[in-house]
Amino acid sequence: MPKTDGADEALNRVNTNSKPSDLRITDMRVAEIVGAPFTSALLKIYTNQGIVGLGEVRDGASATYALMLKSRLLGENPCDVDRLFRRIKQFGGHGRQGGGVSAVEIALWDLAGKAYGVPIYQMLGGKFRDKVRVYCDTDAEKPSGTETGKRLKERMSRGFTFLKMDLGLMQIAHVPGAVAAPAGALEGFRANPRGRGGALEERKARNLAYDVQNVQHPFTGLHFTEQGIDLLEQYIHEVREVIGYEIPLAIDHVGHISLQDGIRLSRRIEKYVPAWLEDVIPWQYTEQYRQLQEATTVPICTGEDIYLKEAFEPLLRSGGLSVIHPDLLTSGGILETKKIGDMAQDHGVAMAIHMAESPIAAMAAAHVATATENFMALEYHSADVDWWDDIVTGIPKPLVKDGFITVPDKPGLGIDDVVDEVIARHLQPGVTGIWQPTDHWDNEYSWDRTWS
């Protein structure tokens, strides 16, 4: 028998009923869950060879953003990841609108890895690190910095070596004299615009709150008073007194305040050595970000709501950022985020990764982090969700151990499957089942070309 120089052995490692070139997409379905830690939609893309790709629509986004793409993918080979991404990327957008395209892109990479028997990070060029550092995000829901510091200290006892907390408007909005605001303006920020259904009056009230919270920062008329700034400085001072100064501590959720208030706050907290100050103003205001970063020694960070690498470029060129912070479920998925990280490195900017979803999104982000040199830390917002690790099978449990994720050498994302019994107990309100047929999306059609 002639020698094959290992070719037969290599083919035996390919997970296929025929061969990857004959792989075809046959179906797409979702499971809409809540509590891991927020709302999100898990995605499955099915194929003619029994291989299933996993993806996830971003927290707070509608599953419709992914399902509307189904008819544009049926019959295609999922291994053609970049070609299919270029076909569908026009249907994504900034913020949660990028969630559908990004979910599909991640599932395509999972399928390609499973078809060829290699982990995603290897298809991105290989490893820069064996373990991915995780930063533990902790909502500052306690009334004092000391109490929040104790929560953060508990995170440290579990092995986390990088932390993040809130510091901003909503911690002092209830204090008389802490915020200067037009009459009634703060009430709209205290209301919750999220939810489904309800009577017309309930919908109207929710829409009013939605409108208020979509007024961009320069136009709200909200300003921290000196008393307010004092309270915020006192809060982070108390936190540092508990956790010490050696561990990195990033700051988020400053609130709908102006560039000038962002400068005032950042200068007051410089002595507490924040790892970064995040999303102080909308990311679209490139020039204001430049002014903010030039006015403070605190590293300035943004990016979780930016879709596609070309939208990151003006901020990077401006010098307005020290850290970019894409979310794979908005930015365009795995390969796009790898490109964003590499572009940031060319500008001397580090990359952290935003992630507030299930282990599916966490593993997608971990593969990018493993394969990107200037990566700093990956967000983990589910430290208090006791069923988070039970959502999937096939990866180490706990996935986050001693503050790190170890990415396995298994094909694709490395996940075997989703545990239906677990997610069925955590469905979004109004959702009646999981992985239900989506045949009504099979023949959705429009002439999608954007030029003539």
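How many helices and strands are there in the protein? I was working from a predicted model, and I counted 17 helices and 17 strands.

**Overall form**

I looked up the radius of gyration next. It is 23 Å, close to the 22 Å that the globule rule gives for 452 residues, so the protein is as compact as a globular protein of that length. Along the principal axes, the C-alpha atoms fill a box of roughly 85 × 50 × 50 Å. I noted that buried residues make up 55% of the 452. The protein exposes about 19200 Å², of which carbon and sulfur atoms supply 51%. For contacts between residues at least 6 apart in sequence, I found that 74% join residues at least 24 apart.

**Cores**

Which residues touch the most other members of the largest nonpolar core? I found W388 and I391, in a core of 134 residues. Helix 4 (residues 99-116) gives the most to this core, with 10 residues. Apart from it lies another core, of 9 residues, and I listed A250, W276, C301 and A377 among them. As a general note, nonpolar side chains tend to be buried together in soluble globular proteins.

I then listed the contacts of W388, leaving out residues up to four places away in sequence. Among them are A36, M355, P359, Y380 and L399, as well as E357 and S382.

In helix 13 (residues 309-318) I found A311, F312, L315 and L316 buried. Down the axis of helix 13, the arc that holds the buried residues is 135 degrees, so these also line one face. What covers them includes helix 12 (286-294), strand 10 (300-302), strand 11 (323-324) and helix 15 (334-346). Just after helix 13, G319 has a positive phi of about 80 degrees.

**Cysteines**

How many disulfides does the structure hold? I found 0. I checked C136: the closest cysteine sulfur is in C301, 17 Å away, which is too far for a bond. C136 is buried, with a relative accessible area of 0%.

**Backbone exceptions**

Most residues other than glycine have a negative phi, and most peptide bonds are trans. I looked for exceptions.

The peptide bond from A36 to P37 is cis, with omega near 10 degrees. P37 is in the loop between strand 1 and strand 2 (39-47). K397 and P398 are also joined by a cis peptide bond, with omega about 0 degrees. I placed P398 in the loop between strand 14 (392-393) and strand 15 (400-401).

H253 is not a glycine, but its phi is positive, near 60 degrees. H253 lies in the loop between strand 8 (249-252) and helix 11 (259-268), and is partly exposed at 45% relative accessible area. V273 has a positive phi of about 55 degrees. I found V273 in the loop between helix 11 and strand 9 (274-278), partly exposed at 48%.

Is R194 buried or exposed? R194 counts as exposed, at 65% relative accessibility. I located R194 in the loop between helix 8 (185-190) and helix 9 (200-213). From R194 to I243 I noted 49 residues in sequence and 34 Å in space, C-alpha to C-alpha.

How values were computed
Residues are numbered from 1 along each chain as its sequence is written. This is a predicted model: local features need pLDDT of at least 70, side-chain atom pairs count only at pLDDT 80 or more; totals for chains, interfaces and linings use all residues. Side-chain values use heavy atoms; hydrogens and water are left out. Buried means under 20% relative accessible area, exposed over 50%, partly exposed in between (1.4 Å probe, protein chains only). Helices (H or I, at least four residues) and strands (E, at least two) are DSSP runs, numbered from the N terminus. The arc is that of the directions from the helix axis to the C-beta atoms. Contact means heavy atoms within 4.5 Å. A disulfide is a pair of cysteine sulfur atoms within 2.5 Å. A nonpolar core is a set of buried Ala, Val, Leu, Ile, Met, Phe, Trp, Tyr and Cys residues joined through side-chain atoms within 4.5 Å. The radius of gyration is taken over C-alpha atoms; the globule rule is 2.2 Å times the number of residues to the power 0.38. Accessible areas come from the Shrake-Rupley method with a 1.4 Å probe; for residues, only the protein chains shown count as cover.
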